[in-house]
Amino acid sequence: MSQISGLLVEKPQSVTAIKGKNVTFVAKVDSSQLLRKPNMKWLKGKWMDLGSKAGKHLQFKETYDRNTKIYTYEMTIVKVVDGDAGGYRCEVTSKDKCDSCTFDISVEDAGEDAGELDFSGLLKKRERKQKEEPEINVDVWEILKNAKPCDYEKIAFEYGITDLRGMLKRLKKMKKVEPKKSDAFLKKLDPAYSVEKGKKIQLSVELADPNAQVKWLRNGQEIKPSAKYIFESVGGIRKLTINKCTLADDAAYECVVGEEKSFTEVFVQEPPVTITKMLDDVHVVVGEKVEFEVEVSDEGANVKWMKDGVELSRDGKYRFKKDGTKHWLIINEATTEDIGTYYVYTSGGESKGELDVEEKELEVLQSIADLTLKAAEQAVFKCEVSDEKVTGKWFKDGVEVIPSDRIKMTHIGRTHKLVIDDVKPEDAGDYTFVPDGYALSLSAKLNFLEIKIDYVPRQEPPKIHLDTTGSFVNKNTIIVVAGNKLRFDVDITGDPPPTVCWKKGDTVRLSEAEGRVRVETRKNLSCFVIEGAERADEGLYHITVTNPAGEDKADVMVKIVDVPDPPENVKCTGVGEDSASIQWDPPTFDGGVPVKGYLMERKKKGSSRWTKLNFDIYESTTYEAKKMIEGVLYEMRVFAVNGIGMSQPSASSKPFMPIAPTSEPTRLTVEDVTDGTCALKWLPPERIGAGGIDGYIIEYCVEGATEWVQANETPVEKNSYRVRGLPVGEKMLFRVTAVNIAGRSPPAVMAQAVTIREIVERPKIRLPRELRTKYIKRVGEKVNLVIPFQGKPRPVVTWLKDGAPLDTKLVNIRTSDVDTILFIRQAAREHSGQYTLSVQIENMEDKVNLEIQIVDKPGPPIAVTVTDVWGFNAALEWKPPKDNGNCEITGYTIQKADLKTKVNQLQYLLYWSTICEHSFIISRLGPFNLNGITEQPYKEKDMCSSPKFITPLMDRSVIAGYSAAISCAVRGYPKPKIIWMKNKMIIGEDPKYLMQNNQGVLTLNIRKPSLFDGGKYTCKAINDLGEDEVECKLVVRGTYGQKSPSSPVCNNFRLWLNPQTSVLFSNVMLFFLSRNRKGGGEEVNKALKIP
C-alpha cells in the first residue's frame, strides 16, 4: 500500500474564475528522493479522470528542471464555462509513495463593477454578437432533418456537435411522423443507430408473419451469418447482432421481407484521440535538421500538421513519420523561412511548438594582409573562412575584379586567393573579399613601392625573432589540436636577406613547395604552415637563417593534441537483479591532454539504439549501471573525454545479463554424524530468479573461529552433502551458499554447532508386513526377502535357522548398512523352518523370527476300498496319503473311466473339506442284474423338461491369491442357457472368471481371488419351459488359517453319475488324487466292477 508523503512542494489553490477567461493551475513535485518518474492525475469530483479529455478546452503541460529535480505540472482550462465549476483533485503517485490535494473552482460572470470598464471593448463585443447572430440562428436540426443519414457526421463536425448519440436520439424524436403502413413489418428499424468502436449493436424488426423469411443487407450486399454477424428469430421478431464494431461497419443496413424493405444507418464512433506528449519548442541553425515529435493515445490515429494556420502536405520539404503512437514532422534543412508556430491536431486535442532558426555565423580563420610590393613582383591576397561551401567576390576600390591572364582568382576548400602577377603601379589600391550571403568583408591594401635611391650595400647578421605569445604554452612550444591548421610566422632580420631552412629533427628538410606541411618565405618573414595537423607532425623543428654576415638558429617544439583513443577492455565484472558493474582500461593515448573522465552508453543485444547512462563526466574506470531488466542481455561501450573532446566509442563489451543471486538455501539440517564426517541436507532457495542454480558451496569452521573452510572444490548440484575430514570431538558450524551466474547467495548458517562424534542409535529391525505371518512358497520358486534395519554404528547382523547357524551353502545372505537380504534361487522343502534375524550394537540387540514353509504336491491316497455296491451305486473309502506335501490336505479329486477302454468319460469331481459323506453312484436307464443289462423294447419318450438343479452350489471359504472354483449340476431339455451372477450382477466376459459346462455339470473358476471377490454367487438356468437358480456365499480370507473343526477332510465320498441314455457301463475305474494348497498329488487307481 502506498504511504502518504509530502511529494507536492507547490499545490494548486482554489480560485474564482471569470466566465470566458482562461485559468491555469500549477503543481510541483520534488523527485529528488524518487527512483522513477512520478505519475500525475487531474481529477474532477471523485472519479472523473481529466487526462482523457485533453483538447481545446483542457490542456496539460509537464516540464522538468534537472538542477532542482522538480517536475512542474500545469492544467489550463480555456474559456471557462459554468460547467467547469466544482471540486477538483490532483493526485501524484510513485511506486510506494503518494500525495494529493483538493481545490475548488467557482465561476462568475464579469460584472460591471469588476474594475474599470472598457466601453469601446464592450461596444465591439456587442457589435460582434450582432454580426454573429445570423450564424447562431441557423437551425441545425432543420438541416439534419432534411439531410441524408450519410451526411449526419459531417454536419455534426461542422457545427461543433460532439455528442453524436444524443443528436441521433433527438433527431429520431423530431422525425416521428405518421409511419407508412406496412403489410410486412409491424415495427421497422430506427432511422439511425450509433455505437462506439469495439462494442456490439443489435438491429431489431417485428414482422407481421412470424414464418416470413428475411434478408439482411449491408451497403446492398447480403450478410451471411458468422461469428461477427449473428441472426436471431424469436416469433415475429428478427434481430441482427454485430459484434466488435469497427469503422468498416459504419454503413447502410436493410432488412428485406419479400418486396418490402426497412432501411437504417449505423454510425461507428471512434473515441477521441488525445495527445499524451506535447510538442516541444525547437531552436536550430540554418541547414540543420528539425524534428517535431508528438505522442497520441491511439496507435491507429491520424494527425494533422499545420503551420501558421496552413495545413502541411508531404512534399520535398516536409516529411511525416509514424511509429506506433509517436508521430514526427521532419524538416531536413531548416531555413529562416521555416520560422513560425507549428500545430498538430487530433480528434481530441491539439499541441503547438515554436521553431526558431538562426543564421549560421561565418568565422574568419585567416584575414587578408596588406602588401607592399615593387614592380614586376607577385601580389597574393589570401583569406580563409570556416565554411568550404561559401563563395565570394573580390573588389578593388569598390569595383569587382575581373580575372585575366595576369589576375587570377582561386577557391580551394576554405581558402580564397587573388593572385596578381607582374605588379604595376595601377594595381595599387584597396582590395576587398565579400562572401556571398553574409554581411561580412575582408579588406587589405596593396602599396606599390617605387625605388629611386641609390643602393648602398650594407651587411647585418641575421636574427630570428620568436613571438612567444599566442599558441605558446611555454618557451618555444606550440600546441595544436589535431585536424586544425597551424600557421607560425617568424620575423627575420638581416642584410642581405638571409636564407631560411626549416628541418624536423636532424634530417627531414621542409620544402617551400605546395603541400600539407610547407614553408612560405617572404622578406623578413618565414611562415611555417601545417594543414590539418596530425599526430605524426609532432616533434622538434629547427629553423636556421644564414647570410654572408652570419647565422642564427632557433628550435620550436610542436605538440599535437587530439581527442583520446577509445577506452579498452570494457567488461562486466558483476551483475545484480537490475544492475551491473562495468570496468575498463584507460585509453593507451590520452591525446596529449589528461583524460577528464568518461561517458557510458548501453543497449539491448540485437538493438541498434544506444542509451546514455551519464551526462556528467565520470572520472573512475568502474561504473555501476542501474535500472536494467533482469534476464535481458545488454552490451556496454565507453567514451573517453579530455580537454579537446570526446573519443570514438570503445568496442562493445561481451553481452551480459542482469541476474540477482538467489536467496539463501532453506531448512539446513544435519542428516548424519560419524567420527570425522557430517552429512547435511537442505532445500532449494525460495527465490531463484532467471539465473537458476548452478550448485551449492558448503563451508565449515570451528565454533568460535572466524575462518570458514570450503568443503567442496566445485559446486554440488544435489541438496545433500557429506563433509569429510572433520576433527573428532570438535564443535563445528556449517553454512551452505547457492551459486549461479550472478555469484553467491547469502549463506544458510546452521543455528547450533554440531559435535563431530558418532551417534549411538539402538538397533531396530523393521520387518515387512508380509513376513510377520508364515511365509509360504512352492518348491522350485525363488525366495528373496529384503529386511531393513537401523542402528549406529553399523550393527552386526546374524542369521539362525531353527536355533543353529545358517548354512550359507543353502541360503545366500547379503547385508548392507541399512538392510539384509535372504535369497534362495530354487526353494526346496529342507528350506522350511524358523529363521531368526539378530542385529546387535555392543550390548544392544534386536531379534525377529521368520517362519518359511516350502510346500509340494501331496502323495497318492492309500488303502482305497469299495465298502458297498448297490444298484448302480458304489461307496468308497480311503486313507490320507503318507506325504501331504508339507501342507494340510484340503480335498480329493475322483475320476471315473470305463475299465475296458481306460478312457475318462466323465468330468472331474472335486470334493472339498465341507463334504463329509461320500458315495459313488452309477445310474443307467434300464435295470441290470448279475447277468447284465436287461433288454427292454425301445419306447420313445418325451424328454422335454424345465431346468432343475440336481446338485446345488455350496458355500465356500477360500484364501486370497489361490484360484478357486464353485460347481453345481443341472438338467433340462432343450439345453438351458446358463447365467452366472455375482451379487445379482451378471458376470460378463471378465477374464478373471472361467465358466465351464460339461454335460450339465457347471463350474465357475475364479483366478486368484482377492478380498473384493467375496460375495453371493448365483447360477441361473433358462430354457423355453422355465428357469431355475441356485446360489452360494463365497468368503475370501486374507491369510491362511487353521481348518475349522466343522470342515474336516473326509476319506469317503458319494458320487452321482448320470450317463446318457445311449451309454451303458459295466465296469468303472476310479482314479484318486489327493489335493492340498500346492495342487494335485499322485494318482491311485482303483478298479471297481459294477455287476
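Q: With which residue does the side chain of glutamate 520 meet in a salt bridge?
A: This is a predicted model, in which local features need pLDDT of at least 70 and side-chain atom pairs count only at pLDDT 80 or more, while totals for chains, interfaces and linings use all residues. Residues are numbered from 1 along each chain as its sequence is written, and side-chain values use heavy atoms, with hydrogens and water left out. A salt bridge is a side-chain nitrogen of Lys or Arg within 4 Å of a carboxyl oxygen of Asp or Glu. At 3.3 Å, N to O, the partner of glutamate 520 is arginine 518.

Q: Is arginine 518 buried or exposed?
A: Buried means under 20% relative accessible area, exposed over 50%, and partly exposed in between (1.4 Å probe, protein chains only). Because its relative accessibility is 6%, arginine 518 counts as buried.

Q: How many residues apart in sequence are the parts tied together by lysine 485 and glutamate 531?
A: The side chains of lysine 485 and glutamate 531 meet in a salt bridge at 3.4 Å, N to O. Lysine 485 lies in the loop between β40 (477–481) and β41 (486–495) and glutamate 531 in the loop between β45 (525–530) and β46 (539–547), so the separation of the parts they tie together is 46 residues. Strands (E, at least two residues) and helices (H or I, at least four) are DSSP runs, numbered from the N terminus.

Q: In which strand is the glutamate 699 that pairs with arginine 744?
A: A salt bridge of 3.6 Å, N to O, joins the side chains of arginine 744 and glutamate 699. This pair links distant parts of the chain, 45 residues apart: arginine 744 is in strand β60 (residues 743–744), and glutamate 699 is in strand β56 (residues 695–702).

Q: How many salt bridges does the structure hold?
A: Side chains of opposite charge can pair when their charged atoms come close. Salt bridges that share partners join Lys382, Glu384, Arg414, Lys485, Arg487, Asp489, Arg518, Glu520 and Glu531 into one network. For the structure, the number of salt bridges is 39.

Q: What percentage of the residues in the chain is buried?
A: The chain has four helices and 90 strands. Of its 1091 residues, the buried share is 38%.
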